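Reader: I'd like a close look at one part of this model, the charged side chains and how they pair up. Could you walk me through it?
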Amino acid sequence: MPGGSSASSGGSSGSAGVSGLSSAGADAASPAADSDAGAKAPRGAKIAAAAVNQASVWNIANLLTMLRLVLVPGFVALMLADGGYDPAWRAFAWAAFAVAMITDLFDGHLARTYDLVTDFGKIADPIADKAIMGAALICLSVLGDLPWWVTIVILGRELGITLMRFVVIRYGVIPASRGGKLKTLVQGVAVGMYVLALTGWLATLRFWVMGAAVVLTVVTGLDYVRQAIVLRRQGIAERKAATEETEA
């Protein structure tokens with residue numbers, strides 16, 4: 001264990017340094033020192049390992065994920081403030097939504113690049129993603145700015161694909177496609193434009209951007225379903241082949 005190795009090496013180095021500068025009596029004492037260090041190592045190692053595991057949860061990637069989770073209730077409060085139609089409050093809500101979407105771009109990248117992946121992050125990251133997008137869509141539909149069918153299609157797709165990933169994970173992992181990443185970007189832009197109190201040609205533009213987001217949502221969702229079916233068939237075939245080879 002890491003702590004045990006450190007203690008043993010530290011004790012050996014200290015004994016070697018003393019033996020080079022002192023008498024044979026010091027050499028005779030070094031085994032006892034090494035023995036004491038070895039006896040204390042397991043407990044120290046456990047404490048050190050626990051400290052590392054505890055600290056790893058509080059890395060920058062997880063902190064960004066936690067920030068997104070905290071922003072969800074704040075976003076809802078700003079979105080519905082003063083009846084939900086005040087341009088100033090909607091601008092503040094947009095700022096909270098924008099921060100959440102921007103941190104979504106960075107936390108996963110940081111976790112993979114700097115080896116900060118944790119069990120907490122694996123669970124909390126997708127929850128934070130769905131929570132902020134779901135909150136925005138539901139608020140917009142409640143206020144009458146966005147048809148409910150759009151909210152149902154987008155959220156239904158997101159939740160359905162997430163559940164499907166868990167179902168087929170025994171056969172393998174479905175990687176995020178370029179289409180999926182483009183869908184996330186367009187969804188974020190479209191919802192952000194609806195959160196703002198836009199008028200004129202910008203209000204018309206956001207309608208078409210949301211239309212593109214819905215199309216990408218459906219198309220990429222169907223592609224993920226296709227990938228899941230192929231992955232499942234391959235997994236079943238490989239297991240069957242392995243079973244037949246074992247029996248033979």
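Let's start with K183: is it buried or exposed, and what is its relative accessible area?

Author: K183 is buried, at a relative accessible area of 5%; buried means under 20%, exposed over 50% and partly exposed in between, using a 1.4 Å probe and protein chains only. Quick caveats: this is a predicted model, where local features need pLDDT of at least 70 and side-chain atom pairs count only at pLDDT 80 or more, while totals for chains, interfaces and linings use all residues. Residues are numbered from 1 along each chain as its sequence is written, and side-chain values use heavy atoms, leaving out hydrogens and water.

So who does K183 pair with? Its salt-bridge partner is E158, with the closest N and O atoms 2.8 Å apart; a salt bridge here is a side-chain nitrogen of Lys or Arg within 4 Å of a carboxyl oxygen of Asp or Glu. E158 sits in helix 6 and K183 in helix 7 (residues 178-195), so the pair ties together parts 25 residues apart in sequence. Helices are DSSP runs (H or I, at least four residues), numbered from the N terminus. E158 is buried too, at 9%.

Searching the whole structure turns up seven salt bridges. R68, D104, D125 and D129 are linked in a network of them. R68 is buried, at 0%. Its side chain meets that of D125 at 2.9 Å, N to O, linking helix 3 to helix 5 across 57 residues. R68 also meets D104 at 3.7 Å. That pair ties together parts 36 residues apart, because D104 lies in helix 4 (residues 87-113) and R68 in helix 3 (residues 60-80). D104 counts as buried as well, at 18%.

Methods:
Helix = DSSP H or I, 4+ residues; strand = E, 2+ residues; numbered from the N terminus.
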